[in-house]
Every structure is written in structure tokens, then in C-alpha cells.
Amino acid sequence: MNVLVAGSHGQVGQHVTASLANSDHDVRGMVRKESQASDIESIGAEPVVADLTGDVSHAVEGVDAVIFAAGSGGEDVWGVDRDGAIGLVDEAESRSVDRFVLLSSINADQPENSPEALREYLRAKGEADEYLRESDLTYTIVRPGPLTDEDGTGRIKTGRNLDRDGVDIPREDVARTLVAALGEAETHETTFELAAGDDQIEEALRSPVEN
Ligand SMILES: NC(=O)c1ccc[n+]([C@@H]2O[C@H](COP(=O)([O-])OP(=O)(O)OC[C@H]3O[C@@H](n4cnc5c(N)ncnc54)[C@H](OP(=O)(O)O)[C@@H]3O)[C@@H](O)[C@H]2O)c1
């Protein structure tokens with residue numbers, strides 16, 4: 001597949017891009033600034049400069065699947081986390097892209113259970129998730145707990161509603177999960193929470209919403 005990674009230069013996005021570049025997939029990495037393009041090339045991907053708050057049509061042209069790993073970092077939650085994702089969903093739909101894997105967040109469906117400072121961001125994420133679910137795309141929505149910079153272990157747990165104790169997960173394992181979900185039919189049309197765990201990623205993704 002020819003896969004577009006939105007947020008390719010981000011911390012999760014770079015792991016996603018590298019993982020795809022080392023696979024049978026072709027990968028196009030979306031960056032906001034021309035100066036980031038050489039980093040994407042050195043990972044082994046084709047860079048494309050596009051901003052999620054603007055026109056992304058050229059980035060989507062010719063791709064079979066999208067992995068959305070971008071995020072506002074809290075600065076423009078409505079413009080990037082909600083409308084940026086929605087714009088990319090629309091563009092993917094209009095270009096007959098079939099597959100869309102969206103990096104969301106734990107509690108995107110229940111912002112009221114998170115600290116006040118995170119609620120607006122989580123509402124924006126939740127609205128983007130809902131929009132993707134209602135689209136014609138074959139979606140997977142992945143909702144990890146807090147991300148860490150520890151080395152990945154390749155082991156995760158997934159579920160519809162995970163116990164909130166110990167839901168941290170290394171970014172590297174989130175990235176591997178997003179990439180593995182691309183080819184796992186059991187993740188089609190599912191939304192699941194994600195944390196570090198005991199199961200191999202591929203095994204966990206065969207029944208992602210149990211729990
Ligand atoms: N942090 C957590 O604990 C946590 C938990 C659950 C879910 N998440 C989700 O995971 C996402 C990825 O995390 P991360 O640590 O990899 O974040 P990150 O390093 O901040 O990466 C986000 C990427 O999105 C890009 N981006 C932002 N605005 C954009 C725009 N308008 N157009 C195009 N690209 C844009 C950024 O581009 P630049 O490089 O140009 O800034 C950056 O490359 C977060 O954004 C969040 O939604 C995070």
C-alpha cells in the first residue's frame with residue numbers, strides 16, 4: 001500500500017514513518033515545513049509539505065491509506081485535532097482512499113473524567129473520531145493512554161474500556177500498533193483503547209475490543 005502519514009515529523013509519526021519505510025509499504029510523510037523534508041527522506045520516506053489547517057489535497061493524491069499521527073500539542077485543538085483530521089477524512093473520501101487509521105486519545109469519549117486542562121483537547125479529538133466513524137472510510141481509531149519515550153516492548157493491551165490504572169505506553173509501541181492495524185481486518189470499523197501490556201501487538205489486534 002501507499003501510505004500517507006500525517007504528523008510524520010512528530011515523535012510517534014517518526015516511529016510510524018520508519019516502521020513503514022522498513023516494510024513492504026510505500027510511505028509518504030506529511031510535514032508542515034520544507035526544512036523538515038530532509039529528515040523524512042533520511043528515514044526512507046517521500047516527504048510532502050502540507051498543513052492540516054490548509055489544503056492537503058496534493059498530499060492525499062495516489063495514496064491507499066492514511067495514518068493520522070498529528071496533533072496540536074494543545075495549541076489549536078479545534079483547528080488541528082478536530083478540523084485537521086476532518087479535512088483529511090474528507091479528502092481521503094473524495095479520492096477513494098479506503099483505509100484510515102486515526103491516533104486518538106484515551107478519554108476522547110469521556111472528557112469530563114479528565115483534568116479540566118485536557119477537556120477541550122479531548123472534546124476535539126472525540127468529535128474527529130465521531131466524524132471518521134460516520135464516514136465511508138474503513139477506519140480504525142486507536143486511543144492510547146499517556147505516551148512515554150521508553151523503548152517499545154512490542155507488547156500491548158487493548159480494549160473497549162481499559163482499567164485506568166497503568167495505561168501509559170511507549171510511543172514506539174503506539175506507532176507499531178498503528179502500522180500493524182493497517183493490515184489487520186479485525187481492527188476495521190473499531191475504536192479501542194491502548195496501553196502497555198503482555199500481548200504481542202499482532203495477537204492483541206486480532207481481538208482489539210475485548211475487555
Ligand atoms: N502525549 C500524550 O500523552 C498523548 C496521549 C494520547 C494521545 N496522544 C496523541 O498523540 C499525538 C502524537 O503525539 P506525539 O508525542 O507524537 O506529538 P508530537 O511530537 O507533538 O507530534 C505531532 C505532529 O503533528 C504535527 N502537526 C501539528 N500541527 C500540524 C498542522 N497544522 N499540519 C500538519 N502537521 C501538524 C507536528 O508538526 P511540527 O513537527 O511541525 O510541530 C508534529 O509533527 C498527540 O498529538 C495526541 O493527539 C498523546
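**Strand β10 and the sheet around it**

In β10, A196 is the bridge partner of I156. The structure is a predicted model, in which local features need pLDDT of at least 70 and side-chain atom pairs count only at pLDDT 80 or more, while totals for chains, interfaces and linings use all residues. Residues are numbered from 1 along each chain as its sequence is written.

**Strands and sheet**

- Seven helices and 11 strands make up the secondary structure of the protein; helices (H or I, at least four residues) and strands (E, at least two) are DSSP runs, numbered from the N terminus.
- Two strands are said to pair if DSSP finds at least two bridges between them.
- Strand β8 (residues 155–159) pairs with β10 in the antiparallel sense over four bridges.
- Strand β6 (residues 138–144) runs parallel to β10 and is joined to it by five bridges, with P144 opposite L194 of β10.
- β4 and β5 also run parallel, joined by four bridges; A65 has R99 in β5 as its bridge partner.
- Of the seven residues of strand β10 (residues 190–196), six are buried. A residue is buried if 20 or more other C-beta atoms lie within 10 Å of its own, exposed if 12 or fewer, and partly exposed in between, with C-beta atoms placed from the backbone.

**Helices**

- Helix α1 (residues 11–21) is mostly covered, as nine of its 11 residues are buried.
- The buried residues of α1 pack against β1, β2 (26–31), α2 (37–43), β4, β5 and α6 (171–182). Contact here requires C-beta atoms, placed from the backbone, to lie within 7 Å.
- Helix α4 (residues 77–94) has 18 residues and should span 26 Å at 1.5 Å a residue; its end C-alpha atoms are 24 Å apart, which agrees. The expected span is 1.5 Å times one less than the number of residues.
- At D83, α4 bends by about 40 degrees; the bend is the angle between axes fitted to the seven residues ending there and the seven starting there.
- Buried residues of α4, among them V77, V80 and L88, pack against β1 (2–6), α3 (57–60), β4 (65–68), β5 (99–103) and α5 (116–133).

**Core and overall form**

- In soluble globular proteins, nonpolar side chains tend to be buried together.
- The largest nonpolar core has 64 residues, and L102 is one of those with the most contacts inside it. Such a core is a set of buried Ala, Val, Leu, Ile, Met, Phe, Trp, Tyr and Cys residues joined through C-beta atoms within 7 Å.
- Leaving aside neighbours within four places in sequence, the contacts of L102 include F68, A85 and I141.
- Of the 211 residues of the protein, 50% count as buried.
- The C-alpha trace spans about 40 × 35 × 30 Å along its principal axes.

**Residue R160**

- R160 lies in the loop between β8 and β9 (169–170).
- R160 is partly exposed, because 13 other C-beta atoms lie within 10 Å.

Methods
Contact = placed C-beta atoms within 7 Å.
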